[in-house]
Amino acid sequence: MKRKVLIGIVILVIVAIIVGIIAIRNNNSKENTKEENVTIKVNEVTRSVFYAPQYVAISNGYFRDYGIDIDLTTGQRSRCSNDISIIRRM
């Protein structure tokens with residue numbers, strides 16, 4: 001009986017140590033990922049209602065939540081009607 005209680009206590013201590021180590025590692029990794037946001041320049045050919053989800057995501061800060069800053073500009077019309085946007089990472 002005493003042996004079972006001792007084994008149970010040892011298992012609980014080991015589990016507590018493992019959970020503590022995992023919690024500390026997760027906390028440290030969150031602190032290390034707080035870097036500056038990446039800026040992406042998006043040059044649109046034209047403003048259109050079809051890009052509404054993109055505009056909503058930019059204005060509500062959904063990209064910023066993931067560490068992305070969007071620099072949205074509207075350029076001149078292109079010779080090719082297939083050009084939707086040019087994305088360049090800075």
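Reply: A residue counts as buried under 20% relative accessible area, as exposed over 50%, and as partly exposed in between (1.4 Å probe, protein chains only). By that rule, 9% of the 90 residues of the protein chain are buried. This is a predicted model, in which local features need pLDDT of at least 70 and side-chain atom pairs count only at pLDDT 80 or more, while totals for chains, interfaces and linings use all residues. Residues are numbered from 1 along each chain as its sequence is written, and side-chain values use heavy atoms, with hydrogens and water left out.

Rings of Phe, Tyr and Trp (its six-membered ring) pair if their centres lie within 6.5 Å; planes under 30 degrees apart are stacked, over 60 edge-to-face, and the rest tilted. The ring centres of Tyr51 and Tyr55 are 6.4 Å apart and the planes stand at 75°, so this pair is edge-to-face. Tyr51 is buried, at 19% relative accessible area, whereas Tyr55 is partly exposed, at 23%.

Tyr55 also meets Glu44: their side chains make a polar contact at 3.2 Å. Such a contact is a pair of N or O atoms within 3.5 Å; within protein, one must be able to donate a hydrogen and the other to accept it, and residues adjacent in sequence count only if both atoms are side-chain atoms. The side chain of Glu44 makes a further polar contact with that of Arg47, at 3.2 Å. Glu44 itself is buried, with a relative accessible area of 2%.
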